[in-house]
Amino acid sequence: MSISPSKLSTPGAQSSGIVRTRAPGRINLIGEHVDYQGGVVMPAAVNRYIKAVAQANGRSELRLSSSQSHEDLVIPLEHRMPFSGDNSWANYAFGVVAKYRDAGYPVAGFDVRFESNLPLGAGLSSSAALETATALVIEALLGLNLPQTERALLCQSAEHEWAGVPCGIMDQLAVNAGVAGHALKIDCSTLEIDSAPLPANLSAVVVDSKVKHALADGEYAKRRADCEDATAFFDVEFLRDVTIGELDSAQFQLGERVYRRARHVITEMARVRDFAAALEASDTAAAGLLMAASHSSLRNDYEVSCQELDTLVDIAGELGAIGARMMGGGFGGSTVNLVETDGVSRFVEDIVARYREETGAEAEAVAVKLVGGARIENVE
Ligand code: ADP
Ligand code: MG
């Protein structure tokens, strides 16, 4: 990628004052583990944010501090190696600086402080929010305004190469492109983004199981490898180009495990289509059943759920949620729930209480609002 002069909105308008940016977290209503197979996903940005306050420092170094980390870091701009251990959070911020620098943007030194009310590692994509808040600081300081897809791709490449996480593009696009009151429909093969209103009588609730996904990285890579075995077999780029009929007739050649992994991906893509149609028709019952089917497929075919997530989904159903399913990579993290807006505060209280009764463990539930995407708040 190279720098295009037309993207310098006001060339030479570099800011030496204070810059404030904010980037929301995201939920994903449906379309799990399909982004890297070219599927459509339906995430939404939510009202939990990472906020950045930054200022050029006139030096060739980045000075980072975060409310979520004890240590401030000073990193020379020419630094080229990913960080490990306690400093690994810097990969999500400095990695973005490095990616803008490598793309040819003349990033100069700045100080930045992050404040966050977005839980880390809970499946709300604090990683993409941190990347995007940083990207917008860089753009504000340089007087740039990149198209959101280009910004999302730079942030994704930082997550791949600096944080070492081979994530799809959903998180970065959702954090950038959120629309208040709407779920997004992102086609991960063309990067086209559309949006669909959430019916006014429905609210989204995130329930954090507090289980940290220790197994997740290796298992995520294995799921991707299984999908790639299936695409190699069918000689296609993405599983979106394989029908369920074609998959079923290849069951024995693929072997049971690869067959079931591909079955999740292909059926999940169909569920996303049906879910979008159900929302459009305000058929909330159908939308809820599709979320339940998504969870079962993630649990049985993709095998990325865990007992805690299954228990939370079961309890949500007993408490009358319209729909509930695990969200994110799996093996822990959060569930996403759609509930009647009238009963939302009661649901939030009851699910935590019932989960405690059944397991003795503490979950955390929060009703979230669907909000607009990341933005530069002001440049002084
Ligand atoms: P998720 O994106 O679901 O929250 P990830 O494991 O992808 O989970 O990303 C979480 C990581 O992002 C944290 O471990 C930390 O390194 C980094 N991170 C996120 N938010 C912050 C923050 N406000 N300050 C410092 N590091 C953060
Ligand atoms: Mg993440």
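This is a predicted model: local features need pLDDT of at least 70, side-chain atom pairs count only at pLDDT 80 or more; totals for chains, interfaces and linings use all residues.

Author: Residues are numbered from 1 along each chain as its sequence is written, chains are lettered from A and ligands numbered from 1 in the order in which they are written, and side-chain values use heavy atoms, with hydrogens and water left out.

Reader: How many residues of strand β4 are buried?

Author: Strands (E, at least two residues) and helices (H or I, at least four) are DSSP runs, numbered from the N terminus. Buried means under 20% relative accessible area, exposed over 50%, and partly exposed in between, with a 1.4 Å probe and protein chains only. Strand β4 covers residues 61-66, and five of its six residues are buried.

Reader: Which strands does β4 pair with?

Author: Two strands pair if DSSP finds at least two bridges between them. β4 pairs with β5 (residues 73-76) in the antiparallel sense over four bridges, and a hairpin of six residues joins these two strands. Glutamate 61 stands opposite proline 76 in β5. With β6 (residues 110-116), β4 runs parallel, joined by five bridges. There leucine 64 has valine 112 as its bridge partner. As a general idea, side chains in a regular strand alternate between the two faces of the sheet.

Reader: In what order do the strands of the open sheet with β2 come?

Author: The order is β2-β7-β8, with antiparallel pairing. β2 (40-41) and β8 (193-197) are the edge strands, each pairing on one side only. Two bridges join β2 to β7 (residues 182-187), and valine 40 has aspartate 187 as its bridge partner in β7.

Reader: Which residues are closest to ligand 1?

Author: A residue is near a molecule if one of its heavy atoms lies within 4 Å of it. Ligand 1 is surrounded by 16 residues, and the closest are Ser66, Gly121, Gly123, Ser126 and Ser127. Helix α2 (residues 126-142) gives the most to this shell, with three residues.

Reader: What polar contacts does ligand 1 have with glycine 123, serine 125 and serine 126?

Author: A polar contact is a pair of N or O atoms within 3.5 Å; within protein, one must be able to donate a hydrogen and the other to accept it, and residues adjacent in sequence count only if both atoms are side-chain atoms. An oxygen atom of ligand 1 lies 2.6 Å from an N or O atom in the side chain of serine 126. For polar backbone atoms, the distance from a ligand oxygen is 3.1 Å at glycine 123 and 3.5 Å at serine 125. The protein covers 82% of the 560 Å² of accessible area that ligand 1 has on its own, by the Shrake-Rupley method with a 1.4 Å probe.

Reader: Why does glutamine 156 count as buried?

Author: Glutamine 156 counts as buried because its relative accessibility is 13%. This residue is in helix α3 (residues 148-161), and its side chain reaches the backbone oxygen of cysteine 167 at 3.1 Å. Contact means heavy atoms within 4.5 Å. Leaving aside neighbours within four places in sequence, glutamine 156 is in contact with Cys167, Gly168, Ile169 and Gln172.

Reader: Is cysteine 227 buried or exposed?

Author: Cysteine 227 is buried, with a relative accessible area of 0%. Cysteine 227 lies in helix α5 (residues 216-234). Not counting residues up to four places away in sequence, cysteine 227 touches Tyr36, Gln37, Leu239, Val265 and Tyr302.
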